[in-house]
Amino acid sequence: MNCINKVGIIGEGKMGSSIFHYILPFDLDLVWVCSPDADIDKISKQFIKRITRSLDTGIIDEPRFDRLMNTVITRDLCELQTCDLIIEAVPEKLELKKNLFARLNKVVKPDAIFASNSSSINPSEMTPDGKRNGKFIGLHFFFPVSLKNIVELTVTDDTSEHTLLIVESFLLGIQRRFITLDERNSFMLNKIFL
């Protein structure tokens, strides 16, 4: 039931870049939105170097390389407008996240799912007003994503069953195990690790 073909990732810090590079080998189109002061030229050059090395060593083939060359690396949120899933991985500041999702709500297609990688803020605190409530979810990856094979999936009281099924299917498609939690039991793995 995976309806996710195009994924947007916001944030070039250790979590955002870890999520981006983990998802890269899978058969998805990606848009990576970096902060306004990010050095896009440097990030793009590192990306091209990485996928060229993957092609040269046989990790990816020519068709996959060509598709990856279409990956968008930008500072412009409008590049996310056709994404099916958007994963936010910006610093743990509630107002920053709320403002980001409010801005996204105005530019992204109505059926896109919003996900926050927050490790401490419940999704309902960040959900923008309007019709997006059923399409908002917590998607907490652990660092480094490539080595931590589990994701905390946090649903709000408004998250639709359809949204949950799509995101679960997406996680299975990228070979991540997950634990589904409601907000009353959110961040359970964090609590256990602490």
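This report describes the sheet, the aromatic contacts and the cysteines of one predicted model.

## Basis of the description

The model is predicted, and for that reason local features need pLDDT of at least 70 and side-chain atom pairs count only at pLDDT 80 or more, while totals for chains, interfaces and linings use all residues. Residues are numbered from 1 along each chain as its sequence is written, and side-chain values use heavy atoms, with hydrogens and water left out.

## The sheet as a whole

Eight strands form an open sheet with mixed pairing, in the order β3-β2-β1-β4-β5-β6-β7-β8. Strands (E, at least two residues) and helices (H or I, at least four residues) are DSSP runs numbered from the N terminus, and two strands pair if DSSP finds at least two bridges between them. At the edges stand β3 (72–74) and β8 (177–182), each of which has a single partner strand, so one side of each is left without a neighbour in the sheet. From one strand to the next, the twist averages 20°, where axes are lines fitted to C-alpha atoms, for helices over the stretch in contact, and angles run from 0 to 180 degrees between N-to-C directions.

## From β1 to β5

Strand β1 (residues 6–10) pairs with β4 in the parallel sense over four bridges, and within this pairing V7 stands opposite L85 in β4. Strand β4 (residues 85–88) in turn runs parallel to β5, to which four bridges join it, and E88 has S116 in β5 as its bridge partner. Between β4 and β5 the chain passes through helix α4 (residues 94–107), and this β-α-β crossover is right-handed, a term which means that, with the strands pointing away from the viewer, the path from the first strand over the helix to the second runs clockwise.

Three bridges join β5 to the parallel strand β6 (residues 136–141), where I137 is the bridge partner of A115. Six of the six residues of β6 are buried, so this strand is largely enclosed by the rest of the structure: F136, G138 and H140 point one way, and I137, L139 and F141 point the other way. On to β7 (residues 150–155), β6 is joined by five bridges in an antiparallel arrangement, and there the bridge partner of I137 is V155.

## Aromatic rings and charges

The whole structure holds six aromatic pairs, a pair being rings of Phe, Tyr and Trp (its six-membered ring) with centres within 6.5 Å, counted as stacked if the planes are under 30 degrees apart, edge-to-face if over 60 and tilted otherwise. One of them is the tilted pair of Y22 and F26, at 5.5 Å centre to centre and 50° between the planes; Y22 is buried at 11% relative accessible area, and F26 is buried at 16%. Ring pairs also link F20, W32 and F47 into a cluster.

A charge sits over a ring if NZ of Lys or CZ of Arg is within 6 Å of the ring centre and within 35 degrees of the ring normal. K14 lies over the face of F143 at 4.7 Å from the ring centre, and the charged end of R132 sits over the ring of F114, 4.2 Å from its centre.

## Cysteines without disulfides

Zero disulfides are found in the whole structure, a disulfide being a pair of cysteine sulfur atoms within 2.5 Å. The sulfur of C3 is too far for a bond, because the closest cysteine sulfur, in C83, is 15 Å away. C83 is likewise in no disulfide, with the nearest cysteine sulfur, that of C78, 12 Å away. C3 is partly exposed at 42% relative accessible area, whereas C83 is buried at 0%.

Notes. Buried means under 20% relative accessible area, exposed over 50%, partly exposed in between (1.4 Å probe, protein chains only).
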